[in-house]
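The model is a predicted one.

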Amino acid sequence: MVSDFGRPAVLHWTGVACHAGPARTAPPRAASRRLTPVPDLDSIEREAERLRELSRQDGVHTAALAVDPHHWQLVRFVLWAETSAQDADATERYEVLHLSAPALDGLPEGRTW
């Protein structure tokens, strides 16, 4: 109850762009995440363009960009078909053991704003 525990903080990301890569049909084996500050709207535009370019690289399954308004950061996720993420700018790298994506083909392509 709100009277007992208060209201929880609502943390969310707002999607900016999503692109299918050339390796979309292969199961992803790695992921990379990059966090960058959002100084202004122009930086979002630049990152959306970089994401589009990155998504064309061999081995990219899917690339997505979102804004975290709580921390004022851009969050870039890239799924890779290979076992290592080829993202030189990545803040973090992960091994993907399973991707549950029943509506993957229904994701909007390109910028979403």
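## Largest pocket

On a 1 Å grid over the protein atoms alone, a pocket is an open set of points where a 1.4 Å probe fits, with protein on both sides within 12 Å along at least five of seven lines; its lining residues have an atom within 4 Å of a point. Of the 21 residues that line the largest pocket, Cys 18, Thr 62, Ala 64, Phe 77 and Leu 107 lie nearest its centre. Two or more lining residues come from each of strand S1 (14-20), strand S3 (60-68) and strand S4 (73-80). S1 gives the largest share, five residues.

The space in this pocket is about 360 Å³, a volume being what is filled by probe spheres set on the grid points, which are joined across faces, edges and corners. Its lining has 16 nonpolar, five polar and no charged residues. Ala, Val, Leu, Ile, Met, Phe, Trp, Tyr, Cys and Pro count as nonpolar, Asp, Glu, Lys and Arg as charged, and the others, Gly among them, as polar.

## Chain build

The chain has two helices and six strands, in the order α-β-β-α-β-β-β-β from the N terminus. Helices (H or I, at least four residues) and strands (E, at least two) are DSSP runs numbered from the N terminus.

Among contacts (heavy atoms within 4.5 Å) between residues at least 6 apart in sequence, 75% join residues at least 24 apart.

## Basis

Residues are numbered from 1 along each chain as its sequence is written. Local features need pLDDT of at least 70, side-chain atom pairs count only at pLDDT 80 or more, and totals for chains, interfaces and linings use all residues, while side-chain values use heavy atoms, with hydrogens and water left out.
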